[in-house]
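User: I am new to this structure and would like to understand the terms used for it. Could you take me through a few of them?

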Amino acid sequence: MSAPGRVTIVGNGVAGYACARRLAESGVPVTLVGPGLPCDRPPLSKRALIRRAAPYMATAAELTRAGIEHLDGWAVDLDLARRRLGVRSTARGELHEHDFEELVWATGLRLRRPPIPGIGVAHQNADPAGLEELLPRLERPGRRVAVIGAGLIGTETAATLSATHRVTLFERDELPLGRLHRAVGQAARDVLAALGVHFAGGCGLERIVPIPGGSHLIETSTHSRIAADVVIAAAGVASTLPEALGSGPTLDTDERLAVAGLDGVWACGDTAAFPHPRFGRIAIPHWDNARAGGAHVAQAILGSREPFVRDPYWFSDIGPLRVQQVGFEPAVCEWSLRDGLHIGHAEDGRAACVLLLNSPARLNDARRLVAAA
Amino acid sequence: METQIIIDPDVCVGYGECIAEDAEAVELDDNGCARALVPLMTRDRAERLCAVCPVGAISLRSASAA
């Protein structure tokens, strides 16, 4: 096949940068569109909280050296018929029109702010801009930090910040990580308690009220009012897809991650809903899938016909608690515990996923079990 | 077959991305730390292993320098 022309990648997170790097290594001209330098995402953002620096993956000079052109801005307008992208520059706010040939969409998910009166004061730490705003507020130790939402990002954030700050973690469910197997929630609750995090579970937030001196009062339905110097919102995710791509949470792709029904448009990372041979159409909002999907799209553009068949995998560190899960947890999941492995069974009884709690050495066993099912 | 991978045990935290990429080149030991299974490999294969590590625990050394 002929060598691919210039590839435009929208999204400078894990998926977009993995794709850009692989293509550039193969000599394909690449334009990477996104605000700021390529930046890693959670789970590594918690390490950023410790080092107090956003986890950028490349400097401007490294991008240039790699042959990656960086358009520092937001993709604001997508015209698929004319194959033209509008990019609003980060520095001066002006609009550039960029004509593309191959297009890779890798903008991921964004955190949304939960609809609570006064939530505007909350910071978010899942993207580099949010992190850059948050970090100076955490320089002084001993701050009262309120984290809203005990999903993976919120729970990791609360555990990490507990080393230097006084942290309250607010959550609607009775347990942190309530969407996962109950054993994870219980283990996380115990670890948070040992770290000194105040876990305010079963808790609805009514409003956040500013108080003199720059701090805030968080009024809840179930606990007393809690004062905080810094508020971090980590509850819920929202779509980043433009209208031209359906504005939904995800884009349906084929087995090579080409967007269904569009010519020369690809998707990878959180937003790609791809047909997995065993789990059906799935989207996986985790680091592993972002990196592997980005690299896969690069290979596909270079001419590979291989399908993207990777078994889903994610990991999380909540203080000293390591959580890993291989496979895809079905909506109806029957758990069993066998030989130290938590096995999630689909309705037909097959092992659909395996959960590991503080057992990193068992990862290969877990992978084999899921692959053999 | 000229490149060796070096896994820094102080940096590796055992996320296992490397074994997902290339289970014939790397395994996890009893502590969940990655360990190379093959002494030398092609540069391309070694570079892929470096690229998949979320914490940058894997580096390359060419065999002539080893």
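This is a predicted model: local features need pLDDT of at least 70, side-chain atom pairs count only at pLDDT 80 or more; totals for chains, interfaces and linings use all residues.

User: Which residues of helix α2 of chain B are called buried, and what makes them so?

Analyst: They are B:A46, B:L49 and B:V52. A residue is called buried if 20 or more other C-beta atoms lie within 10 Å of its own, so these residues of α2(B) reach that cut-off.

User: How do you know that the buried residues of α2(B) line one face?

Analyst: Look down the helix axis: the buried residues fall within an arc of 130 degrees, so they line one face of α2(B). The face turned away from that side carries the exposed residues B:R43 and B:D44.

User: What covers the buried residues of α2(B)?

Analyst: The cover includes β1, α1, β2 and β4 of chain B, together with α7 of chain A.

User: How many residues of each chain are in contact with the other chain?

Analyst: Chain A has 10 residues in contact with 13 of chain B. The largest share of chain A's side, three residues, comes from α7(A). By class, that side has seven nonpolar, one polar and two charged residues.

User: What makes both faces of strand β6 of chain A count as covered?

Analyst: A:E102 and A:V104 are buried on one side, and A:L103 and A:W105 are buried on the other.

User: Why is β6(A) said to pair with β1(A)?

Analyst: Pairing needs at least two bridges, and these parallel strands have four, so they count as paired. Here A:V7 stands opposite A:E102. Three bridges also join β6(A) to β17(A), again parallel, with A:W105 opposite A:A267.

Definitions and conventions: Residues are numbered from 1 along each chain as its sequence is written. Chains are lettered from A and ligands numbered from 1 in the order in which they are written. A residue is buried if 20 or more other C-beta atoms lie within 10 Å of its own, exposed if 12 or fewer, and partly exposed in between; C-beta atoms are placed from the backbone. Helices (H or I, at least four residues) and strands (E, at least two) are DSSP runs, numbered from the N terminus. The arc is that of the directions from the helix axis to the C-beta atoms. Two residues are in contact if their C-beta atoms, placed from the backbone, lie within 7 Å. Ala, Val, Leu, Ile, Met, Phe, Trp, Tyr, Cys and Pro count as nonpolar, Asp, Glu, Lys and Arg as charged, and the others, Gly among them, as polar.
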